[in-house]
Amino acid sequence: MKNINIGIVAHVDVGKSTFVDALLHEHYFNSAQTNDQIIDKFDLEQERGITIYSKNCSINYKNTKINNIDTPGHADFSSEAERVVKTVDTVLLLLDLIYNLFIDLDANDTQFNFPILYGTARDRVFIKI
């Protein structure tokens, strides 16, 4: 079995932890078992509704163990995200305004040709286009 380490990065309130929770629910739980948050369990995180500490979890998909690392999105905890990004093989960047970002970065037509996955982690619905 091969391993891949993925860092999940985004600004605050984009849905990083909700996405990781959805992955865990999809692979290890069913809706009858739990609908609670799995990743953000520290009291302060629950109270503030944000991720403070990076946390990891693993899922097995086909012949690959995928190690997911959920990172904080708030600027106050950016050093935590920076520390983790140095340890991963790739980054999954969650964005809500991807086209605006590419336009601001003066991307060319070829760079706009990328796969898109639309979804709502909260409802566990994902659609690849």
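This is a predicted model: local features need pLDDT of at least 70, side-chain atom pairs count only at pLDDT 80 or more; totals for chains, interfaces and linings use all residues.
1. Four strands make an open sheet in the order E2-E3-E1-E4, and the pairing is mixed. E2 and strand E4 (90–93) are the edge strands, each with a single partner strand, so one side of each is left without a neighbour in the sheet. From one strand to the next, the twist averages 30 degrees.

2. Strand E1 (residues 2–9) pairs with E4 in the parallel sense, over four bridges.

3. H1 lies across E1, E2, E3 and E4. Its direction is at about 40 degrees to that of E2.

4. Now the charges. How many salt bridges does a search of the whole structure find? There are three. As a reminder, side chains of opposite charge can pair when their charged atoms come close. Two of the bridges involve Lys55, one with Asp40 and one with Glu45. Arg83 and Glu80 form another.

5. Take Asp40 and Lys55 to begin with. Their closest N and O atoms are 3.1 Å apart. Asp40 sits in the loop between helix H1 (16–28) and helix H2 (43–48), while Lys55 belongs to strand E2 (residues 55–61), so this bridge ties together parts that are 15 residues apart in sequence. Are the two residues buried or exposed? Both Asp40 and Lys55 are buried.

6. Lys55 has its other bridge with Glu45, at 2.9 Å from N to O. Here the link runs between helix H2, which holds Glu45, and strand E2, which holds Lys55, so parts 10 residues apart in sequence are tied together. Glu45 is buried, with a relative accessible area of 2%. Lys55 counts as buried too, at 13% relative accessibility.

7. Besides the bridge to Lys55, the side chain of Asp40 makes a polar contact with the side chain of Thr51, at 2.8 Å. Which residues does Asp40 touch once its neighbours within four places in sequence are left aside? The list is Ser17, Glu45, Gln46, Ile50, Thr51, Lys55 and Asp70. Glu45 and Lys55 are on that list, and those two are salt-bridged to each other.

8. Then there is the bridge between Arg83 and Glu80, with the closest N and O atoms 2.8 Å apart. Both residues lie in helix H3 (residues 78–85), three residues apart, which is about one turn of the helix. The side chains of Glu80 and Arg83 are also joined by a polar contact of 2.8 Å. As for accessibility, Glu80 counts as buried at 17%. Back among the bridges of Lys55, shared partners join Asp40, Glu45 and Lys55 into one network.

9. A polar atom of its side chain lies 2.9 Å from the backbone nitrogen of Ser54. How far apart are Glu80 and Ser54 in sequence and in space? They are separated by 26 residues in sequence and by 6.5 Å in space, C-alpha to C-alpha. Leaving aside neighbours within four places in sequence, Glu80 is in contact with Ile52, Tyr53, Ser54 and Pro72.

10. Finally, two backbone angles to check. Most residues other than glycine have a negative phi. Lys62 has a positive value, with phi near 55 degrees. Lys62 lies in the loop between E2 and strand E3 (64–70), and at 71% relative accessibility it counts as exposed.

11. Asp106 is the other one to look at. Its phi is near 55 degrees, again a positive value in a residue other than glycine. Where does Asp106 lie? Asp106 is in the loop between helix H4 (98–104) and strand E5 (117–120). With 68% relative accessibility, Asp106 counts as exposed.

Notes:
Residues are numbered from 1 along each chain as its sequence is written. Side-chain values use heavy atoms; hydrogens and water are left out. A salt bridge is a side-chain nitrogen of Lys or Arg within 4 Å of a carboxyl oxygen of Asp or Glu. Helices (H or I, at least four residues) and strands (E, at least two) are DSSP runs, numbered from the N terminus. Buried means under 20% relative accessible area, exposed over 50%, partly exposed in between (1.4 Å probe, protein chains only). A polar contact is a pair of N or O atoms within 3.5 Å; within protein, one must be able to donate a hydrogen and the other to accept it, and residues adjacent in sequence count only if both atoms are side-chain atoms. Contact means heavy atoms within 4.5 Å. Two strands pair if DSSP finds at least two bridges between them. Axes are lines fitted to C-alpha atoms, for helices over the stretch in contact, and angles run from 0 to 180 degrees between N-to-C directions.
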